[in-house]
Amino acid sequence: MKQILVVDDSPVVRKIARRILTDMEFDVAEAEDGSEALRFCSEKMPDAILLDWDMPVMDGLEFLQAFRKLPDGKSPKVVFCTAQNHQQSIMRAMTAGADEYIMKPFDEMILRDKLEQVGLV
Amino acid sequence: MQQQSFDALCAYLKRTSGLILDQSKQYLIESRVLPIVKREKLGGLADLVLILERGTNQALAKEVVEAMTINETYFFRDRTPFDKFRDVVLPKIISARQTERTLRVWVAAASTGQEPYSLAMILDEMSNKMPGWRVELVATDIAEPQLTKARSATYTQFEVQRGLSTAHLLRYFTQQGDSWQAIDALRSKVQFRQFNLLQDFAILGRFDVIFCRNVLIYFDVATKSDILKRMGRILAPDGALFLGASESVIGLGTDFAPDTEHRAFHTRGGIGSALGQPIKTSGIAPATPMAAKTPIAPMAPAVPGSRFATR
């Protein structure tokens, strides 16, 4: 079972994502912000990360830049899932090493489709 | 909904457009036609059928047909047909047409354009393997409102996230407020025109590939067979026909046969001309151009839009 780490400061979003991802037979872990996610990944590298952008302490972009520098941080798929919906923001995220990008609001079909596009489904 | 009115509307749609609606499609009438009945302040579906049968309100008749033929569509729907088009069909055609260097593709139920634009993206990505080729992508649909949207190539945030990778989004679309619009270089690759599949296909010319996905389901067996027979006449002997994932040519004549190796498209049956077989192209009538053919050229890579501030 592949593990996916959901990083989002909203408990509602984490709950929705957990429900969908559990249905898709992922082992779901959660983190409330980038720094907590970074600590998690330093101990146990997940197969994929669903990443919000605007979070306290460490935002999604800062996390991604630090994450890709971790010894095993190159291979896990990172899918942004954020309300940062401007074209230039999307470009910044992709340049920083994101594999896919979901603009909120999203639905189950979009999440499934994006995970399929990065080869996780 | 009264059964008699439902049956009368079904009979009308079959007679005028070849559309087949069985009981399982009753919900479509409820969701798409009853709002028209309400807007027109009619007493019910029976009143609408009376007006349609009278034949005096063509605009209303057209609207009802169009309401019943709206297809769910999204970019790269079902993925496999597009993969097979890129990885199997296109390389074979490129190899077989080295002399003519022309490719004509018909999307027979283009709806709001996601399918033809998906193919246009693939063709753009393959353009380095097709130097000097003339490529035509003809996209037709019966419904003008869908075609208007298709021509505008403007999609909501939801629509561009269905099937479209972020890489494709950034390369081929620009953000316009809350919407995303395909760049001109992509839009110009597709010729849209209104067309009813009951019309004569000859005016469209000959094609190397036909995408007719998720539209035959609306027709009865006789109409399906007739459409396939007529498609067979305008498809190159070594061409490929793509149908919807749940559609099949079984029981619909011998004009097409499933490609048993790839299981993603159909080839013209009974003439030993499946893709990969030696073919003779000299007997193919030249395509009838619908618009000036333009050599395919790679599109410019996406450039960061400076007008979009980063939050």
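User: How many residues does the contact take from chain B and from chain A?
Analyst: Keep in mind that this is a predicted model. On the chain B side, helix H8 (157-161), helix H9 (166-172) and strand E4 (173-176) each supply at least two residues. As for the count, the contact takes 14 residues from chain B and 19 residues from chain A.

User: How do the residues on the side of chain B that touches chain A divide into nonpolar, polar and charged?
Analyst: We're still looking at the 14 residues that chain B puts into the contact. Sorted by class, that side of chain B has three nonpolar, nine polar and two charged.

User: What does the model score for ipTM and pTM, and what pLDDT does chain B average?
Analyst: Let's take the whole model before the chain. It scores ipTM 0.95 and pTM 0.79. In chain B, 85% of the residues score at least 70, and the average pLDDT is 84.

User: Where in chain B is the pLDDT below 50?
Analyst: Where pLDDT is low, the predicted coordinates should not be read in detail. One such stretch has 39 contacts beyond near neighbours in sequence, and another has 20 contacts beyond four places in sequence. In that order, they are residues 270-294 and residues 301-311.

User: How far apart are the centres of domain 1 and domain 2 of chain B?
Analyst: Chain B is divided into domain 1 (3-68) and domain 2 (80-268). The two do touch: six residues from domain 1 of chain B and ten residues from domain 2 of chain B take part in the contact. On the domain 1 side, those are three nonpolar, two polar and one charged. Taken over C-alpha atoms, the centres are separated by 29 Å.

User: Which residues does B:Ile210 contact, leaving aside neighbours within four places in sequence?
Analyst: Skip the neighbours within four places, and its partners are B:Trp106, B:Ala108, B:Met231, B:Leu235 and B:Leu241.

User: Is B:Thr223 buried, partly exposed or exposed?
Analyst: B:Thr223 is found in helix H11 (residues 221-234) of chain B. To count as buried, a residue needs 20 or more other C-beta atoms within 10 Å of its own. B:Thr223 has 19 C-beta neighbours inside 10 Å, so it counts as partly exposed.

User: How far apart in space are B:Thr223 and B:Gly18?
Analyst: In sequence, B:Thr223 and B:Gly18 are 205 residues apart. Across chain B, 77% of the contacts between residues at least 6 apart join residues at least 24 apart. From C-alpha to C-alpha, the distance between B:Thr223 and B:Gly18 is 6.9 Å.

Note on methods:
Residues numbered from 1 in each chain as written. Chains lettered and ligands numbered in written order. Predicted model: local features only at pLDDT ≥ 70, side-chain atom pairs only at ≥ 80, totals over all residues. Contact = placed C-beta atoms within 7 Å. Helix = DSSP H or I, 4+ residues; strand = E, 2+ residues; numbered from the N terminus. Nonpolar A, V, L, I, M, F, W, Y, C, P; charged D, E, K, R; others polar. Domains from an automatic or database assignment. pLDDT = per-residue confidence, 0-100. Buried ≥ 20, exposed ≤ 12 C-beta atoms within 10 Å, placed from the backbone.
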